[in-house]
Amino acid sequence: MKKPRRAVVVVCDSLAADLVRPDTAPALAALRAQSAHFASARSVFPSTTRTSSASMATGSPPSAHGLLGNTMVLHEDGQLVRLSVGKPGFLDRLRRATGRTLRCPTWAERLAPYGGSIVMSNVSPGAAYLQDPDGFGHVYHRSGSRGPGGIALEDGLSIEVGAVGDAAMTERFCREVLRDRAPALAVLWLSEPDHTAHHVALGSPEHLAMIAHADACVDQVRRTVDVLDPGGEEILLVACSDHGMETVGRQIDLDTLLVEAGWKSGLESSEVVVAPNGNAALLYFADSARADIPALAKWLQDQDFSGRVVWGAQLADLGLPTGGPLGIALALRHDAVANSHGVTGCSVSVRSPFSDSSPPGCGQHGGLGASEQHPFLYLRGGGLPPGERSQPASLVDIAPTVLHHLGIAADCMHGRVLR
């Protein structure tokens, strides 16, 4: 009897494609040679984990699903309020403010009647729960694990963020999820090398050790899949990252700069609210301040920290909504300068009130730099012949490709099936 088709997705958070080499990640380099390798794969904007998680789960850009960064601004009690998407309670506040969580169905929702989904994630709670924000499948996370209907699970994921937690999660994922429970979709999202790279130099011994750790976790999954599907026909294995990283050249306090230039009346004022997203920032405007958008965009473009400044109808070019309080998208200035370890890519970063990570000299992401916009993407099995593909590919293409392999309709998704 033929086994039902399955899909397994493993995400190495913040691992740029250029850092997957035989000397840094031998298992991933070997897997690349066995896979359909999408060399032109790109992230979304902002290139943050929470935005990436929503885009992967829905097969759609931020303009469609509505999750616009690691930091977002919501209308609450008539005011624009800045919030961290990473907090466990963010989705409840998003639902109260907008009447819903994501605006597009996730792969967990689509697969609920067809074998279901199980996600194990060691990144922020917000990024983990965005894989399945409305409780159609199972999501395991150290901040709390949930089953269908959002019911709390007693057999939670008691781990810590970082390499030790990743290793324990991977072992349980392979044993329990892949071998025993066998859902239609199984997702493993590692915290490394992202967790470490926000605090060390890219390419440093500490960073390379975490790439090697993530590489070993992927190899453990790959070996388990090989045992379960030796012919490589039933299980589609997707190994990828959500984005890469750039070295922080300097940080700016955009709120203070806007106050000093007269665009904000005070640091806590809400006529213009900055949502910092690493190497990018989104600026939200109260109705009374929207007339200032063109002039403020011009002022930003003239500043030495700015790369690309986008507003109005051009927001759609970045996959962002053109309606609502969002007024300006700012990608910080970046260049191809190499750091002391030979890793190219350097960017200005925006200071965040929600995080003290990524000081100058360490890794950060969120913008449009070449490294942060270049994740790796390998697809093995499911009848896909190996070899490098030059066709354009994006995070939003992963979900429709997975659903196509499983024989499930991917209607209304913005991504396309990678063949």
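Which residue in β8 is the bridge partner of V10? Keep that question in mind as you look through these close-ups of a predicted model.

**View 1. Strand β1 pairs with strands β8 and β9.** The answer to the opening question is L188, the partner of V10 in β8. Strand β1 covers residues 6-12, while β8 covers residues 185-190. These two strands run parallel and are joined by six bridges. Strand β9, residues 235-240, also runs parallel to β1, and six bridges link the pair. To find your way along β9, look for I235, which is the bridge partner of R6. In general, the strands of a sheet pair through backbone hydrogen bonds, in either a parallel or an antiparallel way.

**View 2. Strand β1 is mostly covered.** Seven of the seven residues in β1 are buried. Follow the side chains along the strand: R6, V8, V10 and C12 point one way. A7, V9 and V11 point the other way, and the residues of both groups are buried.

**View 3. Helices α7 and α9 meet.** Two packed helices are described by the angle and the distance between their axes. Here, helix α7 spans residues 163-181 and helix α9 spans residues 205-228. Their axes come within 10 Å and cross at roughly 10°. The two helices, α7 and α9, are therefore roughly parallel to each other. On the α7 side, the residues in contact include A163, T170, F173 and L178. On the α9 side, look for M210, H213, C217 and V221, among others. The residues of this contact between α7 and α9 divide into 11 nonpolar, four polar and three charged.

**View 4. Cysteines without a disulfide partner.** How many disulfides does the model have? The count comes to zero. For C217, the nearest cysteine sulfur belongs to C12 and is 7.9 Å away. C217 is buried, with a relative accessible area of 4%. Now turn to C346, where the closest cysteine sulfur is that of C362. The gap there is 12 Å, too far for a bond.

**View 5. An open sheet of four strands.** Reading across this sheet, the strand order is β15-β16-β10-β17, and the pairing is mixed. Its edge strands are β15 (334-338) and β17 (363-364), each of which pairs on one side only. Strand β15 pairs with β16, residues 344-350, in the antiparallel sense over three bridges. Look for D335, which stands opposite C346 in β16.

View 6. P46 sits in the loop between β3 (41-42) and α2 (49-58). You can find P193 in the loop between β8 and α8 (194-197).

**View 7. D77 and A182 have positive phi values.** Phi of D77 is near 55°, a positive value in a residue other than glycine. D77 belongs to the loop between β4 (71-76) and β5 (79-84). Is D77 buried or exposed? At 83% relative accessibility, D77 counts as exposed. A182 is also a residue other than glycine, and its phi is near 50°. Look for A182 in the loop between α7 and β8. With 35% relative accessibility, A182 counts as partly exposed.

Technical notes
Residues are numbered from 1 along each chain as its sequence is written. This is a predicted model: local features need pLDDT of at least 70, side-chain atom pairs count only at pLDDT 80 or more; totals for chains, interfaces and linings use all residues. Side-chain values use heavy atoms; hydrogens and water are left out. Axes are lines fitted to C-alpha atoms, for helices over the stretch in contact, and angles run from 0 to 180 degrees between N-to-C directions. Angles under 35 degrees count as roughly parallel, over 145 as roughly antiparallel, 65 to 115 as roughly perpendicular and the rest as oblique. Contact means heavy atoms within 4.5 Å. Ala, Val, Leu, Ile, Met, Phe, Trp, Tyr, Cys and Pro count as nonpolar, Asp, Glu, Lys and Arg as charged, and the others, Gly among them, as polar. Buried means under 20% relative accessible area, exposed over 50%, partly exposed in between (1.4 Å probe, protein chains only). Two strands pair if DSSP finds at least two bridges between them. A disulfide is a pair of cysteine sulfur atoms within 2.5 Å.
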